[in-house]
Amino acid sequence: MQVEVLNTKGEKTGRTVELPDEIFGIEPNDHAIYLAVKQYLAQARQGTHKVKTRAEVQGASRKLHKQKGTGGSRKGNIRNPLYKGGGTIFGPKPHDYGFKLNRKVKDLAKMSALSYKAKENALFVIEDIVMDAPKTKTLMNVLENLNIAHKKTLMVLPEYQDNLYLSSRNIPNVGSRLLSDINTYELMNADVLVLLENTAKILTEEAA
């Protein structure tokens, strides 16, 4: 698919880039997206929840009263889960919520997310931004020129640019990621995807 390259003023530069249909033009697989997002959120969980069992709470281990002859129920010690201050039955224990997802499924999910952005016309390709120093106002002007300043925006960079990263992190709802670090969750969470021109060229070369 052909996409116009815009400059930082939001105007057409007269150049176009050919985004590969193998990445931006496939039939999106919703289940692959679901699995990739689920894995991302699961791995973000700390999993440090913990409660004490009857073996760990404080209290004497003696039997409260004899087994028979009292007319009451059989009782163990004071740490019985049925008593106040007793242990918890089947309570949560620290564990990892993450799960394995095949590389092909993760790649399919990312391509599906990118295809959704292309279908929804929520994809911009702009000329490379070079900043001599961090300047949030400069980047904000670029977003305003593209009419996306009020939207959740994800900028995909071909390589790490310290000044551009520092400028973007002060703007609410704007994030920047390296092309090698993008994931399905962030792609789907963003309203608009902004590719720098070199990013688009790398994707085209990789597809070829």
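## A pair of tyrosines

Tyr185 has a relative accessible area of 27%, so it is partly exposed (from 20% to 50%; buried is under 20% and exposed over 50%, with a 1.4 Å probe and protein chains only). Tyr40 is also partly exposed, at 32% relative accessibility. This is a predicted model: local features need pLDDT of at least 70, side-chain atom pairs count only at pLDDT 80 or more, and totals for chains, interfaces and linings use all residues. Residues are numbered from 1 along each chain as its sequence is written, and side-chain values use heavy atoms, leaving out hydrogens and water.

How many aromatic pairs does a search of the whole structure find? The search finds two. In one, the ring centres of Tyr40 and Tyr185 are 4.8 Å apart and the planes are at 10°, so the pair is stacked. Tyr40 belongs to helix H2 and Tyr185 to helix H6, so the pair ties together parts that are 145 residues apart in sequence. In the other, the ring centres of Tyr160 and Tyr165 are 6.0 Å apart and the planes are at 45°, so this pair is tilted. Rings of Phe, Tyr and Trp (its six-membered ring) pair if their centres lie within 6.5 Å; planes under 30 degrees apart are stacked, over 60 edge-to-face, and the rest tilted. Tyr160 is partly exposed at 49% relative accessibility. Tyr165 is partly exposed as well, at 31%.

## Helix H3

Helix H3 runs over residues 103-119 (helices are DSSP runs of H or I with at least four residues, strands runs of E with at least two, numbered from the N terminus). Which residues of H3 are buried? They are Ala109, Ser112, Ala113, Leu114, Ser115, Lys117 and Ala118. These buried residues pack against three helices: H1, H2 (30-43) and H6 (184-189). They also pack against strand S3 (123-126) and strand S6 (192-196). After H3 comes Asn121, and its phi is positive, near 55°.

## The largest pocket

Empty space shows up when a probe the size of a water molecule is rolled over the atoms. The largest pocket has a volume of about 370 Å³. It is lined by 16 residues. Ile23, Lys110, Leu179, Leu203 and Glu206 lie nearest its centre. Helix H1 (21-24), helix H3 and helix H7 (197-207) each give two or more residues to this lining. Which element gives the largest share? H3 does, with five residues.

On a 1 Å grid over the protein atoms alone, a pocket is an open set of points with protein on both sides within 12 Å along at least five of seven lines; a cavity is a set where a 1.4 Å probe fits but cannot get out; lining residues have an atom within 4 Å of a point. Points are joined across faces, edges and corners, and the volume is the space filled by probe spheres set on them.

## The cavity

The structure holds one cavity of 30 Å³ or more. The largest cavity has a volume of about 30 Å³. Which residues line it? Phe24, Leu114, Val156 and Leu179 are among them. Ile182, Leu193, Leu195 and Leu203 also belong to the lining. Leu114 is one of the buried residues of H3. Leu179 and Leu203 are among the residues nearest the centre of the largest pocket.

## Gln39 in helix H2

Gln39 sits in helix H2. Is Gln39 buried or exposed? Gln39 is buried, with a relative accessible area of 7%. Leaving aside residues up to four places away in sequence, Gln39 touches Phe99, Lys100, Leu101 and Lys106 (contact means heavy atoms within 4.5 Å).

## Loop residues

The loop between H2 and H3 holds Lys84. Lys84 is exposed, with a relative accessible area of 87%. How far apart are Lys84 and Asp181? Their C-alpha atoms are 50 Å apart in space, and the two residues are 97 apart in sequence. Phe90 is in the loop between H2 and H3 too. It counts as exposed, at 84% relative accessibility. Phe90 is not a glycine, although its phi is positive, about 55°.

Asn147 lies in the loop between helix H4 (136-145) and strand S4 (153-157). Asn147 is exposed, at 56% relative accessibility. Its phi is near 60°, a positive value in a residue other than glycine.
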